Amino acid sequence: MAEVIIVKTQEEAGELYGRSVADLIKAKPDAVLGLATGSSPLAAYKALAKIVKEESIDVSGVRGFALDEYIGLPLTHPESYHATIHRTVVEPLGLDPAKVHVPGDALDGAPLEDGERIAAAGPAYDAAIEAAGGIDVQILGIGTDGHVGFNEPGSSLASGTRVKTLTEQTRIDNARFFDDDINQVPTHCITQGIGTIMKARHLVLLAFGAGKAEAVAETVEGGISSFCPASALQLHPHATIIVDEEAAGRLRNKDYYRYSFEHKPAWQAI
Ligand code: F6R
């Protein structure tokens, strides 16, 4: 079972991630970080950047692979995940941009019609992750419909990186980044598959707010089903799910999660 940690604030969640990843980088200076966009990981990146600065940690060897990218947005578009990852992770942490990859890098806004390039980009991305030795720690947000990466309900739990159609709900959720105009939100994306994500050695899923409560309950306490792609995390040997009180609102086993975190041996990291 995954470890579920209930925190009071996003900052508290961020510190747990930041400490864990900072220690990883100290032990493995060329660590491979799996990166996500969206609002959930922002406090975590901030906390990590603060520790990196305070402890003068050398991050010049750190490598990164993002989860997903919209199809059809050029890399320079401010809401492309390429640009977002550079703005929220690469710059504040001081990473080497050449070592950080996004699944759409090879596409650079290629239209959906460019099937040949889009079909080739997924397997090439998985091969690049493999060649880097795999992802050490993958940070994840979760969609209100239970997606991780952009693996929408119904995604194969064994999938590799590939093109997916976004649900209307996801496009509505993400319209806030596009002047609240759903028509500007691309209809398709390229995303690491659930099979790709499951190969990372440590998964850290962050979820905040009541809007995520149902998806979190399905993920942690529901059956394993492609209807809630995040539920595949139940099969991962090292998954950490960090939620605030609101996102934990529909968990039945809350008391036990609290109890076990309070009694966690001091030698055990997340
Ligand atoms: C982002 C991603 C998505 C988001 C999810 C939650 O790279 O893969 O799965 O993590 O849609 O988004 P936020 O964090 O904005 O609620």
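This report looks at the ligand site and then at the cysteines. Keep in mind that the model is predicted.

**The ligand and its surroundings**

Let's start with the pocket. The ligand takes up the space of the largest pocket. There are 15 residues around the ligand, and the ones that come nearest are Ser40, Asp68, His147, Gly149 and Lys212. If you sort the shell by residue type, you get 8 polar, 4 nonpolar and 3 charged residues.

Which side chains have a polar atom lying 2.5 Å, 2.9 Å or 2.6 Å from an oxygen atom of the ligand? Here they are, with the distance for each one.

| Residue | Side-chain atom | Ligand atom | Distance |
|---|---|---|---|
| Ser40 | polar atom | oxygen | 2.5 Å |
| Lys212 | N or O atom | oxygen | 2.6 Å |
| Arg176 | polar atom | oxygen | 2.9 Å |

As for how well the ligand is covered, on its own the ligand exposes 410 Å², and the protein buries 94% of that. Two of the residues in the table, Ser40 and Lys212, also belong to the group that comes nearest to the ligand.

**The cysteines**

Now for the sulfurs. How many disulfides does the structure hold? The count is 0. Take Cys189, which is in no disulfide: the nearest cysteine sulfur belongs to Cys228 and is 17 Å away.

For reference, a disulfide needs the two sulfur atoms within 2.5 Å.

Are these two cysteines buried or exposed? Cys189 is buried, with a relative accessible area of 0%. Cys228 is buried too, and its relative accessible area is 5%.

Conventions. Residues numbered from 1 in each chain as written. Predicted model: local features only at pLDDT ≥ 70, side-chain atom pairs only at ≥ 80, totals over all residues. Heavy atoms only, no water. Near = heavy atom within 4 Å. Polar contact = N/O pair within 3.5 Å; in protein donor to acceptor, adjacent residues only side chain to side chain. Areas by Shrake-Rupley, 256 points an atom, 1.4 Å probe, with all protein chains shown as cover. 1 Å grid on protein atoms, 1.4 Å probe; cavity = no way out; pocket = protein on both sides within 12 Å on 5 of 7 lines; lining within 4 Å. Sits in = over half its atoms within 2 Å of the grid points. Nonpolar A, V, L, I, M, F, W, Y, C, P; charged D, E, K, R; others polar. Buried < 20%, exposed > 50% of the residue type's maximum accessible area, 1.4 Å probe, protein only.
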